[in-house]
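Here is a brief report on one predicted model. It covers a helix, a sheet and the core between them.

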Amino acid sequence: MKVLRIVANIAAPDITPARRFYQEVLGLDVIMDHGWITTFGAARPMNVQVSIASEGGSGTPVPDLSIEVDDLDAAFTAMSAAGFSIEYGPADEPWGVRRFYVRDPLGRLVNILAHKN
């Protein structure tokens with residue numbers, strides 16, 4: 001048996017605010033939309049991981065979701081300009097990432113990160 005896909009499911013009474021955060025600001029595509037469920041993703045291959053954590057590192061809470069981007073400063077500027085609540089950072093972490101925490105419109109804590117190599 002092989003795992004073929006891992007999908008993070010986030011409960012929300014209204015999917016509309018998620019479109020602005022995940023599709024408009026982060027630039028993800030709508031992969032599936034049945035009205036009651038919308039899946040955001042990308043046509044290109046991505047690595048999938050599941051992390052289990054007792055803290056978020058550097059004394060932060062464990063985020064609900066982590067999203068790696070290629071340009072952290074651009075992501076930070078876009079999130080700030082869109083009015084989303086930045087809760088931590090940007091910070092250069094000792095384990096080799098630069099990141100910030102932001103609240104999505106559903107109240108989920110999202111770790112936006114880029115590796116510093």
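## Helix α2

At the start of α2, a side-chain oxygen of Asp71 comes to within 3.3 Å of the backbone nitrogen of Asp73. After the helix comes Gly83, with a positive phi near 85°.

## The sheet

The open sheet has 4 strands, ordered β3-β6-β5-β4, with mixed pairing. β3 (65-68) and β4 are the edge strands; each has a single partner strand, so one side of each lacks a neighbour in the sheet. On average, neighbouring strands are turned by 20° against each other, direction ignored.

β3 and β6 pair in the parallel sense, over 4 bridges. Here Leu65 stands opposite Val110 in β6. Helix α2 lies across β4, β5 and β6, and runs at about 15° to β5.

## The nonpolar core

The largest nonpolar core has 16 residues. Phe21, Tyr22, Phe100, Val102, Val110 and Ile112 have the most contacts inside it. At least two core residues come from each of α1 (16-25), α2 (72-81), β5 (97-103) and β6 (109-115).

What is Val110 in contact with, leaving aside its neighbours within four places in sequence? Its partners are Phe21, Tyr22, Leu65, Ile67, Phe100, Tyr101, Val102 and Asp104.

Key: Residues numbered from 1 in each chain as written. Predicted model: local features only at pLDDT ≥ 70, side-chain atom pairs only at ≥ 80, totals over all residues. Heavy atoms only, no water. Core = buried A, V, L, I, M, F, W, Y, C linked by side-chain atoms within 4.5 Å. Buried < 20%, exposed > 50% of the residue type's maximum accessible area, 1.4 Å probe, protein only. Contact = heavy atoms within 4.5 Å. Polar contact = N/O pair within 3.5 Å; in protein donor to acceptor, adjacent residues only side chain to side chain. Pairing = 2+ DSSP bridges. Axes fitted to C-alpha atoms, helices over the stretch in contact; angles between N-to-C directions.
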